[in-house]
Amino acid sequence: MPVNDSILQEPEVFFPSEAMSAHATISGMGAYRALAAEAERDYEGFWARLARETLSWHKPFTQVLNEAKAPFYTWFEDGELNASYNCIDRHVEAGNGGRVAVIFEADDGTVTRVTYDDLLQRVCHFANALKKLDVKKGDRVVIYMPMSVEGVVAMQACARIGATHSVVFGGFSSKSLNERLVDVGATALVTCDEQMRGGKALPLKSIADEALAMGGCEAVKSVIVYRRTGGKVAWSEGRDLWMHEIVANEPDQCAPEWVGAEHPLFILYTSGSTGTPKGVQHCTGGYLLWAAQTMKWTFDWKPADVFWCTADIGWITGHSYIAYGPLALGATQVMFEGVPTYPDAGRFWDMIARHKVSLFYTAPTAIRSLIKLAETDMKVHPDSFDLSTLRVIGTVGEPINPAAWRWYYEHVGGSRCPVVDTWWQTETGGHMIAPMPGATPLVPGSCTLPLPGILAAVVDETGQDVPDGQGGILVVKRPWPSMLRTVWGDPQRFSKGYFPEELGGKLYLAGDGAVRDSETGYFTITGRIDDVLNVSGHRLGTMEIESALVANPLVAEAAVVGRTDETTGEVVVAFVVLKGARPEGEEAVKIANELRAWVGKEIGPIAKPKVIRFGENLPKTRSGKIMRRLLRSLAAGETITQDVSTLENPAILDQLG
Ligand code: WTA
């Protein structure tokens, strides 16, 4: 019998160095446990203390958690604050206006430094301009922008006047943008002429024009355009406005609009298990608290640090760890317009060295693709760069495999920097399960322990705790301040989807599977338990891709599943039945390419299926249900060992395999 070395081998454990612990905010497991115990002893008192210490309140709150309308929980409800004031003004008032807020590096390497003083001025100019365009408190503004200081300014300006922003990732198609503009009921759109990535200019304004022309979003009165490249754009007089022109004569001051803690700060669309993305709505107080607090705990942020999160502002990671968390603390951060492989695959390492980055946060998929390129070219290998300023390195978005973890630890972190593997979601607002650099012993592949105040657990289908060591469903047992408040326009989808009756209606269902180690209590995430894929750290709903495919006139039926991939985590595999005959040979290749381009147009290039297989039918049970488990096995190239006796049409497996 083969020896199962995963059982025989002790897992490798990496302890924080003494130097790391000595200076860390959370200096050891004792300090971690004390915080966790404080939260357990007095849950509301714990959160109230953090909220008072971390944020500046215009009107102090007297209420903490309100469970009266569960699962529509509220936090700090009678308190008033402004997110933009917390992220900018208070640092200026404290005498830190000269501190660099953002070191922006453009695609071509041009570096711009923006201080907190500059940021305040730019946000006030833009906030005043928005007000002139009649954007009011509670109005929704869609931001379809590249990685840019202007993108952050737009977000902060919305927050300043109490407008709710909804950022749409610049890689989404016109159709996706249109759906979001319609669903959120936007009255203004902020976009850009073109974005620069990897030396190429990509149009954004023309995609935005297409999106607006699709209709349903007539409420959009103003389209504000940031001029990035000066490339030619179509112009709609009376609707389109240049950002630099409308801010030109605005005053340097704009009084922040004080809002209740529960006021919606933003809506961010994400994929779920149905065909339409959901608008995850976050509030102001609880969200900002956790974005800031986790900066201190998970990254052990200190004023001297240079922080760099490589995520796009179009995703939650860019919201919490670029636009809000670092600014709320008055941090200095790097922001990057381009891609990690341009001009070559050493770009990240070169930037860390040049900007003296001390806290670095990226995705496993980026690490894995850079490992491949570094292995064959020492010039782009992290060992060829001076990365000695790094203190803590983090990952997010998908499970990191132990081999990539070790490479990251050794070659990027110099076997000196703790790797913080952070598990969280769009819905959670900030980190949930993650190590603390000065305290938590690390085990590659595990995101370790819940942060203090986060009551994560693993349960079965009925909501009962499963014994440690056994896999199950990841849940959070008590509401926490930065959780989503609702699904925009669909409160039912919120309560049913996240607090399902089957689990008793009180547990937050994350949608991931997990297992907790019986000795250490460490969590390992085993992947999604719903029909959501994770491709290069991007969340995609299989149903969304299926509806895009069946919208093509050639397609009769489609089923989409994921297949594990070494670099991207998962790839999209689509099984397609055409209305006409099943194509073969060159014809099949041609139609597959057409369908790939079609999905790119319908959703965005990130959703394009890597593999498309054609069949005369899909494997179904006699009652007509598609057998997805079988499709997953087929996609993985496994021999079918499952029971196929309930299959209506077993012959189909040969066609699809
Ligand atoms: C996955 C990104 C394993 C998970 C912040 C989750 C992870 C989904 C990790 C959320 C991690 C995120 N280890 N899996 N450290 N971080 N995930 O909403 O499946 O884009 O549910 O938020 O990514 O993706 P989202």
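**The ligand site**

Modeller: A polar backbone atom of Gly-397 lies 3.1 Å from a nitrogen atom of the ligand, a polar contact in the sense of a pair of N or O atoms within 3.5 Å. This is a predicted model, in which local features need pLDDT of at least 70 and side-chain atom pairs count only at pLDDT 80 or more, while totals for chains, interfaces and linings use all residues. Residues are numbered from 1 along each chain as its sequence is written, and side-chain values use heavy atoms, with hydrogens and water left out.

Side chains take part as well: a polar atom of Asp-421 is 2.7 Å from a nitrogen atom of the ligand, and one of Thr-426 is 2.5 Å from a ligand oxygen atom. Of the 530 Å² that the ligand exposes when taken alone, the protein buries 95% (Shrake-Rupley, 1.4 Å probe). Two or more residues of the shell come from each of helix 12 (316-329), strand 20 (419-422) and strand 25 (523-528), these being DSSP runs (helices H or I, at least four residues; strands E, at least two). Altogether 17 residues surround the ligand (a heavy atom within 4 Å), and Asp-421, Thr-426, Asp-512, Arg-528 and Arg-539 are the closest.

Key:
Polar contact = N/O pair within 3.5 Å; in protein donor to acceptor, adjacent residues only side chain to side chain.
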